[in-house]
Structure formats: C-alpha cells, structure tokens
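Here is a short briefing to read beside the coordinates.

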Amino acid sequence: MVQIANPIYDVVFKYLMNDEKLARLLLSAIIGEEVVSLKLRPTEHQFPVGKALMVMRMDFSARIRYANGEEQLVILELQKAKLATDIMRFRRYLGEQYRNKNNVVQEPAEEYAQRKALPILSIYFLGHKLDHITAPVIRINRSYTDAATGEVLQEREIFIESLTHDSIIIQIPYLTGHRRNELEQLLSLFDQSFINEDRHLLNIEEFEVPKRYRALLRRLQQAVAEPEVREIMDAEDDLIEEFEDYQRMIAEKERELFEKEQRLSQKDQELSQKDQELSQKDQELSQKDQELSHKDQELSQKDQALSQKDQELQKKHEQLRRVAVTLTKAGQSPKEVAAILGIELEELNDLLS
C-alpha cells in the first residue's frame, strides 16, 4: 500500500496535470481515444490561495487521434467541483468558451480562408453525486438522427459541431467498489473511500492500478513531499470550510425568511378572514338599515293616512256643526236636530259647544 496526495484537491489535481505526458495519459483513458498532443490554454478563472494559484478549471488545446487514424483538434475543458453549487460556474465557463473568438482555426479554401469553430469536449470531475444516475463515468455523446426514420446519420456538419458538444462526467463518490474496466481501475486514484486519518492523503493498493497508469500514482506520491502542495491543501480546506459556513448561514437566513413569510402569510389570511367577517357584518347592518328605513317609510305613510283621516273627520265635524247651527236657528229643537243629523243628543251638545 502506498500513500498519495488526494487529487480531489485542486492544487494536487493541477500538480498532476502539469505533467503533459501524464495529462495525455489520463485524458486518453477518460476520452477513450489517443490524445496525441496537449497544450494548456491560459485561463482567467484562477484566484490566489496562499502563495500559489488554486485552479478552478483547466482548458487545453488537444489533438485527438481516433481509431480510424483521423485526427482532430478540439478544445478540451476540464473542470472539477467539490460542491453541487458549482453547476452555475460550469454553465458560465461553457458560455465563455462559445463566445471566445480564439476558439477557431483558419482552414484554407480556393477563394479565401474559412474560420471554423473548434469542437468542445467537456470533462467534469464531481465531488458530489447527481440526483438520479449512479454510474461512476457517464459519457454524453451526440448522435445525428433522421427524425422521420430514426436512422443514425454518420456524416458530420460544421454548423452542428459548432453549436453542440460532447461531455464526460465522473462522479467521484460512485468510484468506490467499481473496478469493472481499466478506466474505473485507473480512477481508483480518486476514490475517497481510501482516505486515511489525514484527508489530504489516500492509501492506495498499487496492484489495483493498471501497470501502464502507475506513473500517475508515482506523480501523486511525489506531491505528498511538496511542502507548497500541502500548504495549499490546508488553504483549500479553510476556503471550503468558510464557504460551507457561509452556505449554512445563507440556508439559516433563508429558513428564517421562509418562516417569516409563512407567518406573514398566515396573518394576511387572518386579516383577510376578519375583513370578510366585517364585510359580512356591514352587509347585515346595511340590510337592517334598509329594513328600518322601509319600516320608517311605512310608519310615515300610516301617519300621513291618519293625518288625512283626521282632516276628513275635522271637515265632517265642521260640516255637521254648521248644519246643526242652521237647524237650531231655524227653530228646530235639539232632539229634532239630533234626529235629523242621526247623532245622539250628547254628541250634538259636544258639536255645538
């Protein structure tokens, strides 16, 4: 058993890939085709940690030779992430690759040279698991298909190649226990189940690594003895710990905000319910007011009717009094006047009083 520096750390990964021969060996195994030449391209997405640089992404110009002897120059984008939140960074970097005017080659033509966009091949080393797929290595290979017949088309078009790309995703957590082919045996160098008490180191059984890839193991052994590498691994730990603390703080703030929003929502519902109750009471009071107004109108009408009857009675009373006075002056006795008017004698006396 040998101890190697843990390549999940960016500084160790960079140390491994800085050896062009070993980088070609590793990438050839991952791609499944021979990487003939490899040139590290300048990348702007680095930031200082300690005295060195912590690589967030590595871009290469790679010439790949396929089994049929054909060679192709491609942009090889190699990214590694410990955290699931890095997905937005991947999207941003990929967009920059498509926008980069330098990712083209000039191809000779009869009239004038043509600019051709270089194909992009993305390789992602993930320190976290995807939601559904458990395969350690996932290849996303494009295929051209006739939509009507389902026939797979073999020819390639510059237009399509310039706008789409293949990808390879390596899920480091799923490397544990998977040694089904030579690639998975090679990638055991990244298997985090081999961490010893010092998480900067992995304990590897040399015989598990195919013989032709053991130079990669030796390179990672050398990284253990590099003080600067160990120093930057410590700095990466601090950085990740601070970032995770920051994420936890954000998550706590989001939880508190969510709870406040729920409380406010509940209060809004209660206020809305109270508003509805008040509105219902207002409607009931309005209805009662209408009923009282209606009763007031009825009483007013009855008062008017009584007043009218009083006036009519008063008028009849006056008419009877005049007739009684006239009959009395004409010499009629009170009894005769009462009989003529059809009233009692007492009523006549009241009428004449």
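In which helix is Arg-263 found? Arg-263 is found in helix H7. The model is predicted. It holds 14 salt bridges and three aromatic pairs.

**Charged surface patches**

- Lys-253, Lys-260, Arg-263 and Lys-267 form a positive surface patch.
- Arg-263, a member of that patch, has a relative accessibility of 46%. That value lies between the cut-offs of 20% and 50%, so Arg-263 counts as partly exposed.
- A negative surface patch is built from Glu-226, Glu-228, Glu-231, Asp-234 and Asp-238.
- Glu-226 sits in the loop between helix H6 (214-224) and helix H7 (227-329).
- Glu-226 counts as partly exposed because its relative accessibility is 31%.

**Nonpolar surface patch**

- Phe-159, Ile-160 and Leu-163 make a nonpolar surface patch of about 320 Å².
- Leu-163 belongs to helix H4 (residues 158-163).
- Is Leu-163 buried or exposed? Leu-163 has a relative accessible area of 53%, so it is exposed. The cut-off for that class is over 50%.

- Arg-255 forms a salt bridge with Glu-259. The closest N and O atoms are 2.5 Å apart.
- Both residues, Arg-255 and Glu-259, lie in helix H7. They are four residues apart, about one turn of the helix.
- Arg-255 is at 38% relative accessibility and therefore counts as partly exposed.
- Glu-259 is at 28% relative accessibility and also counts as partly exposed.

**A salt-bridge network**

- Which residues do salt bridges with shared partners join into one network? The members are Glu-34, Arg-63, Arg-65 and Glu-71.
- Glu-34 has a relative accessibility of 41%, so it counts as partly exposed. Arg-65 is partly exposed too, with a relative accessible area of 30%.
- Another bridge pairs Arg-63 with Glu-71, with the closest N and O atoms 3.9 Å apart. A salt bridge requires a separation within 4 Å, so this pair qualifies.
- Arg-63 is partly exposed, with a relative accessible area of 30%. Glu-71 is at 34% relative accessibility and counts as partly exposed.

- Asp-59 lies in strand E5 (residues 57-65).
- Asp-59 has a relative accessible area of 2%, so it is buried. The cut-off for buried is under 20%.
- The C-alpha atoms of Asp-59 and Gln-79 are separated by 8.5 Å. Along the chain, Asp-59 and Gln-79 are 20 residues apart.

**Aromatic pairs**

- A pair of aromatic rings is described by the distance of the centres and the angle of the planes.
- The structure holds three aromatic pairs. In one of them, the rings of Phe-13 and Phe-125 have their centres 5.2 Å apart. Their planes are at 65°, so the pair is edge-to-face.
- Phe-13 lies in helix H1 (residues 10-17) and Phe-125 in strand E9 (residues 120-126). The pair therefore ties together parts that are 112 residues apart in sequence.
- Phe-13 and Phe-125 are both buried.
- Ring pairs also bring in Phe-190: Phe-13, Phe-125 and Phe-190 are linked into a cluster.

**Helix H1**

- Why is H1 described as largely enclosed by the rest of the structure? Seven of the eight residues of H1 are buried, so the helix is largely enclosed.
- The buried residues of H1 are Asp-10, Val-11, Val-12, Phe-13, Tyr-15, Leu-16 and Met-17.
- Phe-13, one of these buried residues, is also a member of the aromatic cluster with Phe-125 and Phe-190.

Methods
Residues numbered from 1 in each chain as written. Predicted model: local features only at pLDDT ≥ 70, side-chain atom pairs only at ≥ 80, totals over all residues. Heavy atoms only, no water. Patch = residues over 30% accessible without salt bridge, like charges linked within 9 Å, V, L, I, M, F, W, Y side chains within 5 Å. Areas by Shrake-Rupley, 256 points an atom, 1.4 Å probe, with all protein chains shown as cover. Salt bridge = Lys/Arg side-chain N within 4 Å of Asp/Glu carboxyl O. Lys, Arg positive; Asp, Glu negative; His and termini not counted. Charge placed at Lys NZ, Arg CZ, Asp CG, Glu CD. Helix = DSSP H or I, 4+ residues; strand = E, 2+ residues; numbered from the N terminus. Buried < 20%, exposed > 50% of the residue type's maximum accessible area, 1.4 Å probe, protein only. Phe/Tyr/Trp six-rings, centres within 6.5 Å; stacked < 30°, edge-to-face > 60°.
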